[in-house]
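Trainee: I've got a model open and I'd like to learn how to read its packing. Can we go through it together?

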Amino acid sequence: MWKPICAPAFALGEFGRRGGSSVLGQGKMMMRFACSPAIALGLLCLVGIRVQSADSHPNVLLICVDDLRPELKCFGAEYIHSPNIDELARSSRLFGRHYVQAPTCGASRYAMLTGCYGGASNEAIADRAKTIAVGDSVPDSMPEWFRQHGYTTVSVGKVSHYPGGRMGPDWDDDAKLEMPDSWDRHLLPAGPWQHPRGSMHGLAHGEIRNDPGAMDVMQSVDGDDSIYPDGLIVDESLRQLDQLASDNEKPFFLAVGIIRPHLPFGAPAKYMLPYEDVELPTIPHPMKPSGTTTWHGSGEFMRYNRWGRDPNTDPEFADEVRRHYAACVTYADASVGRVLSKLRETGADANTVVVLWGDHGWHLGEHAIWGKHALFEESLRSPLLVRLPSMPDPGKTADAIIESVDIFPTLCDASGIPSPNNLDGSSLMSILDDPASAGDYAISYTKKARTLRDNQYRLTVHDNGAEELYDHSTDEAETLNLASQRADVVKEMRKRLDDRLPRKVRSRR
């Protein structure tokens with residue numbers, strides 16, 4: 001069944017504020033003058049839009065997990081207890097070499113939610129909102145695009161940079177939306193943590209971070225999941241799933257943002273139990289690199305109360321930190337499991353595309369870093385799982401190199417709606433159909449450097465002219481800079497990097 005675009009399931013109006021660059025925007029403008037279904041259908045043919053009835057489009061469940069590196073059993077970390085994500089992996093396409101655009105929350109989420117390269121700071125999404133406020137054109141966000149195409153869009157938790165999607169001193173100002181026009185509902189149940197800022201860095205029973213130096217970098221407290229903020233986020237997500245799944249008129253786009261394992265590493269004590277006596281793997285390449293790199297002093301981690309201990313010089317403390325990170329991963333896994341269980345309970349799972357995405361990686365001592373914010377593999381590689389209602393070879397891993405900007409066009413393809421014409425990403429449908437399909441290469445950036453990762457090498461170029469070249473086909477990987485020895489490789493990779501980024505990212509910083 002086909003519907004004219006002026007049917008109630010589709011949002012009209014607001015054409016022109018984004019510059020009208022999309023085909024849908026053109027269709028919306030034209031439909032102001034086309035009220036009859038016959039004329040509407042004719043105009044849709046002219047502009048190349050096909051709009052199906054809502055019941056023909058699958059739902060979308062996007063689960064975002066903060067600071068989650070591929071430290072999961074389904075990614076080869078045998079000591080990790082992650083049964084729910086592992087179960088999801090068995091029915092999904094696991095992307096073993098997915099790279100984020102930036103090793104920081106705001107910039108990475110900007111890229112995923114817009115399908116475009118963008119600013120390198122945590123304020124990338126907030127800067128987009130400021131651009132909208134002064135009337136300038138910006139790319140449509142992914143939830144905004146799905147909303148325009150008849151979806152009910154809801155976010156719960158940390159999906160954009162600020163949990164709950166609002167800005168202001170405590171990230172709860174209704175007049176300052178981080179992503180205008182994107183969500184029908186954007187929610188953050190703060191509970192005893194009082195506000196989204198309190199939830200973001202909260203510890204058990206409502207403890208809010210004021211002075212990081214006075215807050216423990218890790219803890220484990222007896223209680224159920226609700227004694228930490230993610231328990232409340234999941235509770236609200238389950239309520240939203242019940243409501244959304246009962247709507248037979250419109251498909252839903254539900255994004256759930258789980259905060260842990262973000263610092264500080266706090267999780268209910270029961271999630272520490274699998275790690276009390278576990279033998280942890282050796283930290284690979286734990287030494288600070290020499291020369292010009294994106295190494296940093298782990299300032300985000302080090303500013304918390306560490307009882308005077310440094311994991312780079314105290315192996316026992318390093319293992320304690322890693323166990324608490326692992327407990328937070330298992331807590332996040334349990335949160336994912338609750339959401340997926342509710343999806344099954346509602347019966348909506350049979351017609352829902354499920355995506356699990358980590359917003360970036362996290363160093364656990366590699367290169368003597370405890371945190372993110374570097375352009376090494378550990379900061380940039382994160383989990384990505386995609387499950388379609390029907391797909392060939394579920395459970396097979398794809399080895400193709402892909403990027404977070406590819407998620408937006410992929411979800412458009414999987415949902416049967418057109419993609420915007422201004423995306424930097426490419427659809428992954430060919431890899432979802434065939435896990436052996438080839439990928440491309442991945443671009444990432446900070447404020448002062450850019451990097452390109454292909455099948456064999458990583459090239460990092462600093463704004464001061466320094467270059468790093470690492471060969472991942474060797475045991476040295478990202479510990480031996482070969483830039484001075486392989487000038488031909490540097491030249492070829494730098495051309496690819498320069499061709500793609502200067503007009504897109506460097507001008508937006």
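Trainee: In what sense do strand 2 and strand 13 pair, and over how many bridges?

Mentor: Some ground rules before that. This is a predicted model, where local features need pLDDT of at least 70 and side-chain atom pairs count only at pLDDT 80 or more, while totals for chains, interfaces and linings use all residues. Residues are numbered from 1 along each chain as its sequence is written, and side-chain values use heavy atoms, leaving out hydrogens and water. Helices (H or I, at least four residues) and strands (E, at least two) are DSSP runs, numbered from the N terminus, and two strands pair if DSSP finds at least two bridges between them. Here, strand 2 (residues 93-99) and strand 13 (residues 384-387) pair in the antiparallel sense over two bridges. Arginine 93 sits opposite valine 386 of strand 13.

Trainee: Which order do the strands of the open sheet follow?

Mentor: Eight strands run 6-3-8-1-10-13-2-14, with mixed pairing. Strand 6 (185-187) and strand 14 (397-403) are at the edges with a single partner strand each, so one side of each has no neighbour in the sheet.

Trainee: And how do I read helix 8 against helix 10?

Mentor: Two packed helices are described by the angle between their axes and the distance between the axes. Axes are lines fitted to C-alpha atoms, for helices over the stretch in contact (heavy atoms within 4.5 Å), and angles run from 0 to 180 degrees between N-to-C directions. For helix 8 (residues 229-245) and helix 10 (residues 315-346), the axes come within 10 Å and cross at roughly 15°. That makes helix 8 roughly parallel to helix 10 (angles under 35 degrees count as such).

Note on methods
Parallel < 35°, antiparallel > 145°, perpendicular 65-115°, else oblique.
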